[in-house]
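Thanks for coming. I'll take a few minutes on one structure, so please have a look at it before I start.

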Amino acid sequence: MNRFIAMIKNFIKTAFRSLLKNKGFTFINVFGLALGLATCLLIVLYVFDELSYDRYNAKYDRIYRVNTDLKYNGTLSSFGTAAKPVAAGLAQEFPEVEKSARLTGALNIRFKKGNEIIREDEDNTTFYCDPGILGIFTMPMLYGDPKTALAEPNSIVITESEAKKYFNRTNVVGRTLFLVTDSSTYKITGVMRDMPSQSHFRANFLMSMSQKTDNSWNSISGFWTYILLRPGAGGKRFEAKLDGFMRRRLDGLPGFKYEQFARHGNYLRLNLMPLKDIHLHSNLQWQLGAGGNVQYIYIFSAIALFILLLACVNFMNLSTARSANRAREVGVRKVLGSSRKYLIAQFLSESIMLTLAAAIIAVLAAWALLPLFNQVSGKQLAITMQTFTWLLPALLVIIIVVGVLAGSYPAFFLSAFQPITVLKGKLSVGLKGGALRGFLVVFQFAISIFLIIGTFVIYNQLNYMQNKDIGYNRNQVMIVKNMTAIGDPKILKREIQRLPGVVEATLTSFLPTNSGALNNLISNDKGKDFFTAFWPVDEDYLQTMGMKLVKGRNFSREFATDTAAVIINETAAGIFGYTKDPLNKMLSKKYHVIGVVKNFNFTSLRDNIGPLVMQMADDWHASLSIRVNTYNLPALMGRIKETWKSLAPNEQFEYSFMDEDFNALYSNEQRMGKLFIIFTTLAIIIACLGLFGLAAYAAEQRTREIGIRKVLGANVSGLVAMLSKDFIKLILISILIASPLAWLAMQKWLQGFAYRDGIHWWFLAVTAVGAILIAFVTISFQSFKAASANPVDSLRSE
């Protein structure tokens, strides 16, 4: 045992000396591998966080959201909501349903805190809900009984953070919150822990909801409906029963016959979505919360794998290249009596020591860079003790696999040679004949080129979305919120319109950057129904938004009949069959068309522009949008705030700007673009480190050849070209492999946008030229150094 320990100590000591003797090689190898491992670790943390959404719920595998699909007149619309009576109906009819509950957004919620009035409905964290919600989701109660907390009218459950905000302590069961909106009092019956960030919705306030019976089975209301199935029920098996369930309920409605409704291919169906899939796989209308995108998980998982492979390949490539220079050392050791087994152990220990050092540095680097990564990615990631339960085994596998593979060439190949063969210099070394190393260089740069092209495409698409003509002017529009706090919002609008620097103002909650969720069935003059967006707006809406009429006129208070007038967009004119002469045509037998507005994007650019009908009507949940034209915006904002405070002195003044709201629609893509640039840059650095090291050893192995060529008259530029051409050939092969693969992959990504810019040929050209230049600069440093050396010194060393 003592001899074994002594031998291990000797291996470590010898390996340490060897690594210190080649400081440049050691630094490049350790730094490259550590950089790759750290990057891979950050990406893995990000992916794990995205995949962990809603899995904190103890029964997440049995919880489902009930969605609605409506197909009408050939148009299919999918919603993340269900009709109001669905939750109770499913629980009553099916024994498989253990619990059901509904959530609906609470609007115009303003609680009183002393003399201050605080609005709590702006960020969609305040809900009316059924009592069963606390039995479906895991919402640990600090105080109160979850079984009865929401059973009584005007009861409310709040989070511990909200309890501290309003009362400066957490045990506030029995206290009350005064709801300013309707002058009612809510009794706090429970205090729960703050919900985790890995949830598809965040609730700070859960308010009891009326349990009146409802028979509106044919509506698609804003009720997010969740069910908890009993163990063994099976989501797919249960979903198959929902079609018959809806048919029976709809046939029970007065005057409604489902068979007649379905005769032309129409249907109204329910389907289930597993709770664990909502965050990444749901992209429905009216769904709760802003979901992620599973495509980005696939992309970043692939990038993590590529960068890990890149770093490992780099490490092995440099290790095998350097090991060839140690052939003479192997020969001397064997002459002095070293056994092959000893040499194998020596080479493997060196390789594993390097890998271990890189892994330790990688974990420390990832931990240090995590705050910056969180800022860029919009996450709250952390390396905790739980992280190490999977991280340590993964690192151990990487250390052993990479260390053994990188050390296997010198350990098993060089140690097998006869000493006399090695000492006579008959062992073939260098880049020539190194087909494996050539393949690995191609692999490295193919990945880097793929990522560069991908970054070009993503940023080009983001730039396209930022600059596309979207049919309205989002610049210099200030949106004042919380208008329900004003007794008569029209008074504030009139006062604001008088201010210098204000061009126009409009009252509506239906804006292109936040279009709300009001849809109606509208029929044309032939009695055919269409499902369209339906917005109440005022007479100043089009001018404030900078929208253009292509036919007809705007709304006007001077025409009494305009209360029954509508303006439609070009898409609506097309589906109604009013393309040629839409003016004065009737809709639903009560609205007459007075104008057609040029199409504008009122949903994401991922979607086509749908039909839209606008009516001049009051919107009681409106915000005030103000178009300004001033060089002194802070002063104008101050005057707007003063005007607000003169009408609502105790209310919060909240505002945003439309261009910021527009950018927020694509914040996910912007974050992905930044991460793509970071990962691409790191991949290029890793690839260049490997190329730098390989060029150094290739030049070192050809020292004698370079010296002889210089003596025979070769100039420096010719020698640099000779040393670089082998590598440049490999880069060209990388370009030929990566370019079509990147084109195909990014073309598929762009298919997710209804409005997109294509992949331009110059993306590929610039990437190819850039890759060649980067590679040439990396190689030429070592090539120029070798070519400039004194041939006398080169030949003397041989």
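I'll go through some helix pairs, then a salt bridge, a loop residue and a surface patch.

A word on the basis: this is a predicted model, where local features need pLDDT of at least 70, side-chain atom pairs count only at pLDDT 80 or more, and totals for chains, interfaces and linings use all residues. Residues are numbered from 1 along each chain as its sequence is written, and side-chain values use heavy atoms, with hydrogens and water left out.

Helix pairs come first. Two packed helices are described by the angle between their axes and the distance between the axes. Axes here are lines fitted to C-alpha atoms, for helices over the stretch in contact, and angles run from 0 to 180 degrees between N-to-C directions. Helices (H or I, at least four residues) and strands (E, at least two) are DSSP runs, numbered from the N terminus.

Take helix H16, residues 489–497, and helix H19, residues 633–647: their axes come within 10 Å and cross at roughly 150 degrees. H16 and H19 are therefore roughly antiparallel to each other; angles under 35 degrees count as roughly parallel, over 145 as roughly antiparallel, 65 to 115 as roughly perpendicular and the rest as oblique. On the H16 side the contact (heavy atoms within 4.5 Å) is made by Ile491, Leu492, Glu495 and Ile496, and on the H19 side by Ile640, Thr643, Trp644 and Leu647.

Next, helix H3 (residues 86–93) packs with helix H7 (residues 242–251) at about 110 degrees, the axes being 12 Å apart. That angle makes H3 roughly perpendicular to H7. Gly89, Leu90 and Glu93 of H3 meet Leu242, Phe245, Arg248 and Arg249 of H7.

How many salt bridges does the structure hold? There are 21, a salt bridge being a side-chain nitrogen of Lys or Arg within 4 Å of a carboxyl oxygen of Asp or Glu. One of them joins Lys241 and Glu96, with the closest N and O atoms 2.2 Å apart. Lys241 sits in the loop between helix H6 (235–239) and H7, and Glu96 in the loop between H3 and strand E3 (97–105), so the pair links distant parts of the chain, 145 residues apart.Thr484 lies in the loop between strand E14 (477–480) and H16.

Finally, helix H13 (residues 385–413) gives the most to the nonpolar patch, with three residues, and Leu396 lies in H13.
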